[in-house]
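Hello,

Here is the structure I said I would pass on. Please open it first, then read the notes below with it on your screen.

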Amino acid sequence: MPEKLNKRSIKKNHLVLYLLMVPGLLYILVNNYLPMAGVFIAFKKINYALGIFKSQWVGFRNFKFLFATPDAWIITRNTVVYNVVFLIMETVFGIAVAIMLADMRNQRLARFSQSALILPDLISMVICSYIAFAFLSQENGMLNNTILPFFGLQPVSWYAEKGPWPVILSVVYLWLNIGTTAIIYLSSIVGINKALYESAELDGATRWQQITRITIPCIKPTIVTMLLLSTGTLFYSNFGLFYLIPQNSGMIHDVTATYDTYVYNALMKSNNIGMAAAAGLFQSVVGFILVLIANKITAKVDEDNALF
Amino acid sequence: MITKQERRYQHGITATIMILVVLTLSPFVLLLMSSISSESSLIRNGYQFWPQTFSLDAYKYILRNSDTILKAYGLTIATTAVGTLMSLFLTITLAYPLSRKSLKGRNVITFLIFFTMLFHGGVVPSYILWARYLRIKNTFWALVLPNLLINPFHLILMKNYFEHSIPNEIMEAAELDGAGPVGILSYVVLPMGKPIIATVAMFTILTYWNDWTNALYFVSDSKLWSLQILLQNILNNVQFLSKNSQVTSQIGMSVTNIPSVSVRMAIAVLGVLPILILFPFFQKYIVKGISLGAVKE
């Protein structure tokens, strides 16, 4: 029996390994890298009759037009502000729920609860929009028929009134994401050395002190990673949340339009390929720069927490 | 010894979590109850947790007009099956070579895959590529191929699992026994990687079952409407359902006597039912998968 494989069979084995990767790499090339090469579309006036390569170059005109519209301000504000608000809510409530789940003495109940809390994240956004409709529908919705009359309030045409939408979208977002976020922090909390809590208890530390002095510092790496990942998506929004839940209603556009709904509407509805491509490229480039900056800062402060 | 304070704390957190669970699950109850309410009680009182009168008319109506919905169901099942199998094949055949430390260039390739999570070409180039150049509009493949086949995040999770949770000695021993890469993949990696493969498979099944964006972008032909996009179009056309016969005939429902208020919710229940039924079985994989993602490699 040979002690080690001879060189020829190692070479042959590696060749097989490379061949195994071919289908997957081809897919990544087509699906991810070809569109990256296609970012030049944002600098052209696309004419499908000529094809994308022969269409006329227009420099930064698409961007100029885009940022001259009032839409540019609306979608930038909405995308960024919603993301920041969502992130703060999700982090604070996610950690709070995770701590409670970890501290519960009845761990069977805790496990049941965490499963129940992730259920909304597993259903499609279309179903979510049906559920939202059951609450918000003007004629048959539960809010207008049961809840508002109970408090003696007048019915509201929810899909036409701007005011409530920041709250509605935040509630739906939390409903969808609280479970997943809590599980991520929970898995980091259960990794904390139990001896820390035991000695703190002997020293007479209260629950609150244990949370602020042990739990939070120990899960800091997870918090930093989560925040870092979020900076990269600051200019992205959950398309389904902003397109389906408000049912693309024009009357509430000012408070529900984001980059992703804008790109969809410009590309598919108003056939404005140039502006859609400009908005999409702006989103990609800013997201990429943000994640690079955030990673650099993190690496300076605490090298272990950087992503790459 | 449980102190009085600790007991109060336990009561407090248990009550808070239970309230959260009830709040989280109650919308599902509302959806279900709405679908089994009688049309008249819905029109009088709207959607309620406990309707005045129950009725299965919505489901009976769907059964009578089941063609469209059954077709959409079948299409979604086919998409999910084909998509998940192809996705697993591509992900495993990419993750396994990348997990072999001796393979030259694996770090570069891993980085190129990781990079796709940081920078995207955007919706427009991707749409033009698939729709205009690869011509998948209004074909079955429009529901399967764009964007969903390889999730780089799942790929990296799987690669890390193969690399760190399967002992290298076992692979080397198999190699010495004359097994090639394909042999090792089928006799060592697949059986020992079952936990991660099952987890990724669950997420992929959910992705395909729930996807509506591919159909939104690439399918206009109502024959190729998956369950989710059918549901989306029905909700979109709610206002027209009773007025516009063209829309209703497109959706395949007769205009007369639609218990429209409850039927919508009944179709939504049918759309989410498979997930609710399977949930107890796959929730443990999902929870594990989410926790895995939290651990940085």
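In chain A, the C-alpha centres of domain 1 and domain 2 lie 33 Å apart. The model is a predicted one, so please read every value here as computed from it. The domain assignment of chain A places domain 1 at 7-56 and domain 2 at 60-305. Where these two domains of chain A touch, domain 1 supplies five residues and domain 2 supplies six residues. On the domain 1 side of that contact there are four nonpolar residues, one charged residue and no polar ones.

Staying in chain A, look at Leu136(A), which sits in helix H5 (residues 125-136). Is Leu136(A) buried or exposed? Leu136(A) has 22 other C-beta atoms within 10 Å, and 20 or more are needed to count as buried, so Leu136(A) is buried. Setting aside neighbours within four places in sequence, Leu136(A) is in contact with Gly141(A), Leu143(A), Trp158(A) and Tyr159(A). Ser157(A) is 21 residues away from Leu136(A) in sequence, and the two are 8.1 Å apart from C-alpha to C-alpha.

Next is the contact between the chains. Chain B contributes 74 residues to it and chain A contributes 77 residues. Sorted by class, the chain B side that touches chain A has 45 nonpolar, 24 polar and five charged residues.

Now chain B as a whole. How many helices and strands does chain B have? Chain B has 16 helices and zero strands. The C-alpha trace of chain B spans about 75 × 70 × 35 Å along its principal axes. The radius of gyration of chain B is 24 Å, whereas a compact globule of 297 residues would have one near 19 Å. Of the 297 residues in chain B, 39% are buried. Among the contacts in chain B with a separation of 6 or more, 68% are between residues 24 or more positions apart.

Ala58(B) belongs to helix H3 (residues 57-64) of chain B. Ala58(B) counts as buried because it has 26 C-beta neighbours inside 10 Å.

Most residues other than glycine have a negative phi. Which value does phi take in Arg135(B)? Phi of Arg135(B) is positive, near 50°, and the residue is not a glycine. Arg135(B) lies in the loop between helix H6 (123-133) and helix H7 (141-144) of chain B. Arg135(B) is exposed, because it has 11 other C-beta atoms within 10 Å and the limit for exposed is 12 or fewer.

The other residue is Asn147(B), also not a glycine, with a positive phi of about 70°. Asn147(B) is in the loop between H7 and helix H8 (152-165) of chain B. Asn147(B) has 17 other C-beta atoms within 10 Å, so it is partly exposed.

Regards

How values were computed
Residues are numbered from 1 along each chain as its sequence is written. Chains are lettered from A and ligands numbered from 1 in the order in which they are written. This is a predicted model: local features need pLDDT of at least 70, side-chain atom pairs count only at pLDDT 80 or more; totals for chains, interfaces and linings use all residues. Two residues are in contact if their C-beta atoms, placed from the backbone, lie within 7 Å. Ala, Val, Leu, Ile, Met, Phe, Trp, Tyr, Cys and Pro count as nonpolar, Asp, Glu, Lys and Arg as charged, and the others, Gly among them, as polar. Helices (H or I, at least four residues) and strands (E, at least two) are DSSP runs, numbered from the N terminus. The radius of gyration is taken over C-alpha atoms; the globule rule is 2.2 Å times the number of residues to the power 0.38. Domain bounds come from an automatic or database domain assignment.
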